Structure formats: C-alpha cells, structure tokens
Amino acid sequence: MCGLIAVSGTVDSAFEVFVGLMNLQHRGQDGAGILSVDAKRPGGFQLQKGSGLVDNVFSERTFKNLKGTASLGHSRYATIGRDDPNLLQPFLDYQLGIGIGHNGNIVNFYHLRQDLFLESKLQSDSELILRLLGNHLADKELNADNVFDSIKKCMSVLVGSYAVAGVTKDGDIFGFRDPNGIRPLVYGKKQTEDGEQAFCLASESVALNFLGYEEVGEIAAGEAIFIDKKGKVDRQVLRQQSFAPCMFEWVYFARVESQMSGTPVYDARFSLGFLLADRVLEEGVEADVVVPVPETSRIAAVALAETLGLPFRELLIKNRYVNRTFILDGQQSRQEAIRRKLFPIASEFEGKSCLIVDDSIVRGNTAKQIVKLVRQAGAREVILVSSCPQIAHPCYYGIDFPHAEELAAHNRTDAEIAAELGCDKVIFQTVEGLQSALKQKSLCTGCLTGNYPTSIESGKSFGKERQKDRELSPSRKDS
C-alpha cells in the first residue's frame, strides 16, 4: 500500500504534490519522492527522494529546484523489495522520458522477472512495470495512443493489483488501474488563479479536496487516463475483468475524510459499528463500557456504543509520535512500537467489563498487548470486538501479510483466537455485514474468504521470495 499523486497545469505542481503526500502519509512511512518536469529546461526532470516521513524528506529549499508544471509524488510502504533507499519511488527512465509511481503488488513479479528479464538486479515490481512500459514505447512518440497501447500490453501479462501514476518529459501526466480495480485512483481538476486548468491524480479523494480540486471521479477498473501538457484529457478502458476494490481501504487504510467507490469512509466505518451491535447482542454480552483502539476504530466504536446504549470512553491513550504499527515490517519492530504507542487510564478500567473495539485483528500483536494492558489496569472482563471479519488468508495485493501462518485467525475458531490473544471473548463482523456497510456489490475479500479476484498461482512463491527480501534487508528482520 502506497500513496500516489500527480499534478499538472500549475507552476506550483511540485509543492502541491508535497502537500498531497502529506495528506497521504498514512499510506506509507518508509520514504517518499517527488519527480518534477520542466520541458523548457535542459534535461527536464528533477528528482528528490529519501527515507522517512514526507516532511523530513523535503525542505523549503527543495522547491527551488523542483520546478515545472507537472510533478509526480509517492510515499512508500514496502511489500516487494528490501528496505533500500534505491527502491524509493518515483522511478525514472530518463532515456525513455517517463517516470512512474506504483501502488499495489504484482503477484507474478518474480516469475516475470525470471521469464522476461533474467536479472536479479530488478528488485521491485514497480521497476518491472516501468521496464515493460519502456519496452513497448521504445522509439515511439509519447502520446495518448502509444501510451495506452503500451499499458494494454502490460495489462496482458501483469497479475495482481496496481494503480500507477506517471509523468512524461513533455509535462503530460497519465495513470491506470488494474483490471479488477483492487487499488484506488481518483481524478480531479480545478481552475488556477491565472484561469488555466490544472489536473490531479491521487490515491484518495482527501488529497484532491485538500488541494482544492473538484473530484471528477475514479479511474475505472482497467482504465487509463492521459492528460497532455495542454490539458487535453483522454480516457480509455483497456482491459476490464471485474470490480473488486480492497475492503481494507474502508476498514483501515484510507483517511476517514476520503470517499471510495461512492461510499464515504466515515459512513462505512459508522455502519460497521452499527452492525456490530447485533453481533454483540447475539453473543449475549453485557458490558459496562465501549473503548476504541485509536485511531481508525473510533467511528465504529461510537456507533456501537450509541446503538447498545453504553458509555463510550477514550481510555487507551495514543502517543501520537509513534507511527502506524501495522505497516511496520517485522514482528519485533511492531511489538516494540505497540508498547510505546498506547497507555491505559487504569482507574477507568478497574472492575469493569470492557468492549475493546479495533478495526481488525491481523497478526494479533496489537490485540495481545492491549488485552495485557487492560487486564493490568484492573478490568474484570475484556471482550475484543473487530469491525472486520476474521482475516485468515494471505494478501497478495499490497498489504504485507503474504503468509497464512502469521495470521491470528488462520485455522483457529473464535474461541481459540480469544485464547491466543488472552481475552475473554472475541467478536467479529460478518462478511455480509462488511459488504452491507461498504455498500459495494463486489469487493476483494481474498484475505477473509480465500477467494481472490486474480490467479494466485504465483502466490506461494511470492511469499517465499518476499521472506528472502526481508532476511537480506539489514534493518528489517522478523524476530
């Protein structure tokens, strides 16, 4: 999962990309990059990227060098490739005159690398996409027709999830989305102060809204868009197989201010909490208080408390300077971050039966630590409530749990999960409830049901190769 944004049609494009990335920081913390292009300058491209959070990578003087009316930005959450600054995006093919950023996972990356390139040096599936585009675009003019033709050929061999945004040496921007629409990409436009049209592609609508762009809509599954330097917009559906957006976008990853596929994230999370009330009543639970695990479960917890007529209390206090623990790589780093992240208000827990609401239970690291903290604070009973159903299968599409064995719900009953996590009971949302709350006719629920929108024939080897990358990375090893 990564953050993407491309802007064209304004001399402030690089700064707008920076601000957009700040609003997409939650999608990736490993590093960030901005690529700008000024067709009037020799060489055209200027690129800066670095490890860490967005505001640590770029400074005020950055924008004295990043000039031009088209820019591309990326915030990285690594799922393929090592923790290597050389793998930060955007990637640039200077000779071809194209730079791209990619959000998602190519499930057959390792097979394609072996079959097409025979190069171990090609460490990233995003690099592979750029190389494929380059192979098909070599010696051709960078216009909409040729770029679309190249993207269509790429789609015929790529298996997995991908939202891609790009920029050309001429100051055009373009984007495309995988044939199942697993990863998001939205499009907007606005009128600048000088009366010109500016355009933006981004992973989430919150970035468009913050920058003052009118959200035109989503790029459809299998669709490509090309916006030339003069503002001419071409869109074309190239290869559409289904529409299966990742349910985890609403549950966890997206900002609550965003809207995904017509459903506001806030509304979806509130509905998830409302529907959870039925599950709590079905289980015959009588609790004293509802407590959210900050931050993404707060809205569901409010809805749950209101529906059950229970007090809602913020009793797990978050250290706001600790990053999102789920997207840290490695058990040891996640567990250490959890210990630093939350602290209970002990006096409010003592002697009470507590509904602890979290957005999801993946590996169980956060849940175990929270149960331990709440029990130490004197709680009489600890019931974990998850607004997401049981995650029992690997994700191959950009969320970093490619091994079933590391999942708390894999091959376990709810009672066994509760015992593993140390709580008195665990209550999960149903798949039907999830679909109802998200208001989507179809979703990618592979990690819940084991039914995936694409072939996962390469999935097992993908998991093994991913583990090799982890082991070879000096700073990101599992304990």
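Predicted model: local features only at pLDDT ≥ 70, side-chain atom pairs only at ≥ 80, totals over all residues.

Biologist: What's the strand order in the open sheet?

Modeller: β16-β19-β20-β21, four strands with parallel pairing.

Biologist: Which ones are the edge strands?

Modeller: β16 (289-292) and β21 (425-428). Each of them pairs on one side only.

Biologist: And how much are neighbouring strands turned against each other?

Modeller: By 25° on average, ignoring direction.

Biologist: How many bridges link β19 and β20?

Modeller: Six, in the parallel sense. β19 covers residues 353-358 and β20 covers 381-386. Within that pair, Leu-355 stands opposite Ile-383 of β20.

Biologist: Which strands does α9 touch?

Modeller: Helix α9 (265-282) packs on the sheet against β19, β20 and β21. Its direction makes about 140° with that of β21.

Biologist: And α13?

Modeller: Helix α13 (365-376) also packs on the sheet, touching β19 and β20. The angle between the directions of α13 and β20 is about 150°.

Biologist: Switching to α14. Which residues are buried there?

Modeller: Ile-417, Ala-418 and Leu-421, in a helix running 414-421. They span an arc of only 100° around the axis, so they sit on the same side of α14.

Biologist: What about the other side, buried or exposed?

Modeller: Ala-415 and Ala-419 are exposed there.

Biologist: What covers the buried residues of α14?

Modeller: The cover includes α13, β20 and β21.

Conventions: Residues numbered from 1 in each chain as written. Heavy atoms only, no water. Pairing = 2+ DSSP bridges. Helix = DSSP H or I, 4+ residues; strand = E, 2+ residues; numbered from the N terminus. Axes fitted to C-alpha atoms, helices over the stretch in contact; angles between N-to-C directions. Contact = heavy atoms within 4.5 Å. Buried < 20%, exposed > 50% of the residue type's maximum accessible area, 1.4 Å probe, protein only. Arc of directions from axis to C-beta.
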